[in-house]
Amino acid sequence: MTEVQVRRRMSIIAPYTKWVRSFSCIEGNELIPKIAKEFGLKTMVGAWLGKDEELNEQEIEALIQLAKEGYVDIAAVGNEVLYRKDLSEDTLLAHIERVKEAIPDIQVGYVDAYYEFTIKPRITDACDVILANCYPFWEGSSIDYSLIHAKQMYYQASHAAKGKKVIISETGWPSQGTNLDDALPSMSNALQYFLNM
């Protein structure tokens with residue numbers, strides 16, 4: 001990813017949003033929060049964690065550096081690492097704690113499916129903010145009940161959070177693809193879901 005690409009894309013979205021989320025801090029992704037700040041946007045900056053500890057180290061170091069330079073409003077340590085079973089809960093906790101210690105004045109969270117915060121209370125307790133992915137489509141919800149379903153997901157994460165702020169970090173509905181139970185992908189359903197949310 002080049003600076004020109006990031007700047008062009010940022011100029012397109014900046015008039016319509018207040019926040020930008022990035023998923024990685026290396027391989028050009030470190031440009032995203034820097035350029036977002038030029039456009040006056042707040043940033044949720046993610047360190048992409050996986051099975052390769054060497055890459056994880058690069059991601060975490062880069063996230064800490066970006067935060068210390070003032071480019072991070074919320075630090076997201078990992079994205080669906082538990083869902084993918086890429087890291088153990090203990091390893092993820094160690095990464096979260098390390099980032100929290102390095103940047104104590106910045107909110108630190110972890111992104112995963114909403115229900116992970118119920119079944120992994122140690123992760124929930126370690127986070128300053130709960131970053132919940134909520135996709136009614138992937139649970140086979142009809143578009144007619146998708147907003148209620150999304151609210152239930154949010155409230156489950158909120159209950160697990162015990163008063164901590166919960167942000168829906170990802171959501172959406174596909175405009176094409178394969179049906180999943182009562183969930184039907186279509187452009188009209190994707191638009192309806194977007195407007196409802």
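1. With a relative accessible area of 9%, Trp173 counts as buried, because the cut-off for buried is under 20%. The model is a predicted one, and the points below describe what is computed from it.

2. The structure contains six aromatic pairs. In one of them, the ring centres of Phe137 and Trp173 are 5.2 Å apart and the planes stand at 85°, so this pair is edge-to-face. The pair joins distant parts of the chain: Phe137 belongs to the loop between β5 (129-133) and α8 (146-161), while Trp173 belongs to the loop between β6 (166-170) and α9, and 36 residues separate them. Phe137 and Trp173 are both buried.

3. Trp173 also pairs with Tyr193. Here the centres are 5.6 Å apart and the planes make an angle of 35°, so the pair is tilted. Since Trp173 sits in the loop between β6 and α9 and Tyr193 in helix α9, the pair ties together parts 20 residues apart in sequence. Tyr193 has a relative accessible area of 2% and is buried. Ring pairs join Phe137, Trp138, Trp173 and Tyr193 into a cluster.

4. Helix α9 covers residues 187-196 and includes Asn189. Is Asn189 buried or exposed? Asn189 is buried, at 11% relative accessible area. A polar atom of the Asn189 side chain lies 2.8 Å from the backbone oxygen of Leu184. Apart from neighbours within four places in sequence, Asn189 is in contact with Ile143, Trp173 and Leu184.

5. The largest pocket holds about 650 Å³ of space. Its lining is made up of 18 residues, and those nearest its centre are Ile168, Ser169, Glu170, Thr171 and Phe194. At least two lining residues come from each of β1, β6 and α9. The greatest share is from β6, which supplies four residues.

6. How many cavities of 30 Å³ or more does the structure hold? There is one, and the volume of the largest cavity is about 30 Å³. Its lining consists of Arg21, Ser22, Phe23, Gly46, Trp48, Ala76, Gly78, Asn79 and Val111. β1 and β3 (74-79) each provide at least two of the lining residues. β3 gives the most, with three residues.

7. Arg21 lies over the face of Phe23, 3.9 Å from the ring centre.

8. Helix α2 spans residues 31-38, and its buried residues are Ile32, Pro33, Ile35 and Ala36. An α-helix has 3.6 residues a turn, so residues three or four places apart point the same way. The buried residues of α2 pack against α1 (3-13), β1 (19-22), β2 (42-47) and α3 (53-68). Just after α2 comes Gly40, with a positive phi of about 80°.

9. Most residues other than glycine have a negative phi. Lys85 has a positive phi near 60°, and its place is the loop between α4 (81-84) and α5 (89-102). Lys85 counts as exposed, because its relative accessibility is 67% and the cut-off is over 50%. Asp181 has a positive phi of about 50° although it is not a glycine. Asp181 lies in the loop between β6 and α9, and at 65% relative accessible area Asp181 is exposed.

10. Lys120 is found in the loop between α6 (116-119) and α7 (121-126). At 23% relative accessibility, Lys120 counts as partly exposed. Which residues does Lys120 contact, leaving aside its neighbours within four places in sequence? They are Leu82 and Glu89. Lys120 and Glu89 are 31 residues apart in sequence, and their C-alpha atoms are 8.0 Å apart in space.

Notes: Residues numbered from 1 in each chain as written. Predicted model: local features only at pLDDT ≥ 70, side-chain atom pairs only at ≥ 80, totals over all residues. Heavy atoms only, no water. Buried < 20%, exposed > 50% of the residue type's maximum accessible area, 1.4 Å probe, protein only. Polar contact = N/O pair within 3.5 Å; in protein donor to acceptor, adjacent residues only side chain to side chain. Contact = heavy atoms within 4.5 Å. Phe/Tyr/Trp six-rings, centres within 6.5 Å; stacked < 30°, edge-to-face > 60°. Lys NZ or Arg CZ within 6 Å of the ring centre and 35° of its normal. 1 Å grid on protein atoms, 1.4 Å probe; cavity = no way out; pocket = protein on both sides within 12 Å on 5 of 7 lines; lining within 4 Å. Points joined across faces, edges and corners; volume = space filled by probe spheres on them.
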